[in-house]
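Thanks for making the time this morning.

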Amino acid sequence: MFRMVKSLMWIGSHVSIAKGFCAAVEASVAMGANTFQFFTRNPRGGNAKALDLADIAKGRAIMAKKGFGPLVAHAPYTYNLCSVKPEVVSFTMTHLEEDFSRLRVMGVDRVVLHPGMHGGQGTETGIRLISEKLNRLLPLAEEAGVKILLEGMAGAGSEVGSRFEELAAIIQGCGTHPCLGVCIDSCHMTGAGYDLRHWSAVQEAIEAVIGWDKVGALHLNDTLHGLGSRKDRHARLGEGYLGYEGIMEMLEDIKDQPLPVILETPNTEAGYAMEIQWVLSNIDHKVQEEG
Ligand SMILES: [Zn+2]
């Protein structure tokens, strides 16, 4: 005898915390989410607002009641650990350090970071510079109980980290530090040339090159551009190159992993709610009935 059960997948969307932490939790609950992602500060990288401890405590209480999974923080786009400009690198270092302590206070244990743009120095140099800087940051992340998740990129411009091998090389350059992992993005992987319609091959490549134990979050997006386009333009689920069928095999595969799945589709809260409902209703699975 089999019966259908709801998967316990952690799924949510990117939300703004401009109105506070608790408001972001409430917005996520309203859209049927049990996790969310937020920018550690303005995505263009300015000063961070002072943390409101009472607001955070209120939000965390709701999260506990609703059975939320781990939240995902995202670093600003202006951060670049391998910039040709030294002031950009030091800006990134000091702001990331501050982000770690803020995340500790918020009880958030992972932050997604774009590896960097080498700006003409070449991928190999970029990888070396990123590892160098991460080696200084990782002890601080560890102290704060935060894991840095290097995001796999589409490969636009001089982006480092579009190939799994590049992410693995950065990780190796940091001695496979326990606080360093990756975030995979279905739009970026497609842009980088990984065909999610043949998921098992991509799944095996991730395992062989990076290791699934290093994957700390999944960004779930469709993509406006096709396989190997090296372009990073997110589309709503089912409205891009991948289509619903292009992500189903991946979702079936990852649904039982303790992995926050974050939508970054161009959407309203109502649109996110529909996407979350679509995902959850399509990954229901069979379990053997007891007795
Ligand atoms: Zn990102």
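Predicted model: local features only at pLDDT ≥ 70, side-chain atom pairs only at ≥ 80, totals over all residues.

What you see as a sheet is built from eight strands, which form an open arrangement with parallel pairing, and reading across it the order is β2-β13-β10-β9-β7-β5-β4-β3. The edges are β2, residues 11–13, and β3, residues 37–39, each of which pairs on one side only. If we ignore direction, neighbouring strands in this sheet are turned against each other by 30° on average.

To look at one pairing in detail, take β4, residues 72–74, and β5, residues 110–113, which run parallel and are joined by two bridges. Within that pair, A73 stands opposite V111 in β5.

Moving to the helix across the sheet, α9, residues 269–282, lies over β2 and β13, the latter being residues 261–263, and it runs at about 160° to β2.

Now to the helix pair: how do α4 and α5 cross? The axes of α4, residues 123–144, and α5, residues 164–173, come within 8 Å and cross at roughly 40°, which means that α4 is oblique to α5. The crossing of these two helices, α4 and α5, is right-handed. On the α4 side the contact involves T123, I127, R128, I130, S131 and L134, and these meet E166, A169, I170 and G173 in α5. By type, the residues of this contact divide into five nonpolar, three polar and two charged.

Notes. Residues numbered from 1 in each chain as written. Axes fitted to C-alpha atoms, helices over the stretch in contact; angles between N-to-C directions. Helix = DSSP H or I, 4+ residues; strand = E, 2+ residues; numbered from the N terminus. Parallel < 35°, antiparallel > 145°, perpendicular 65-115°, else oblique. Left-handed = near helix turned anticlockwise from the far one by under 90°. Contact = placed C-beta atoms within 7 Å. Nonpolar A, V, L, I, M, F, W, Y, C, P; charged D, E, K, R; others polar. Pairing = 2+ DSSP bridges.
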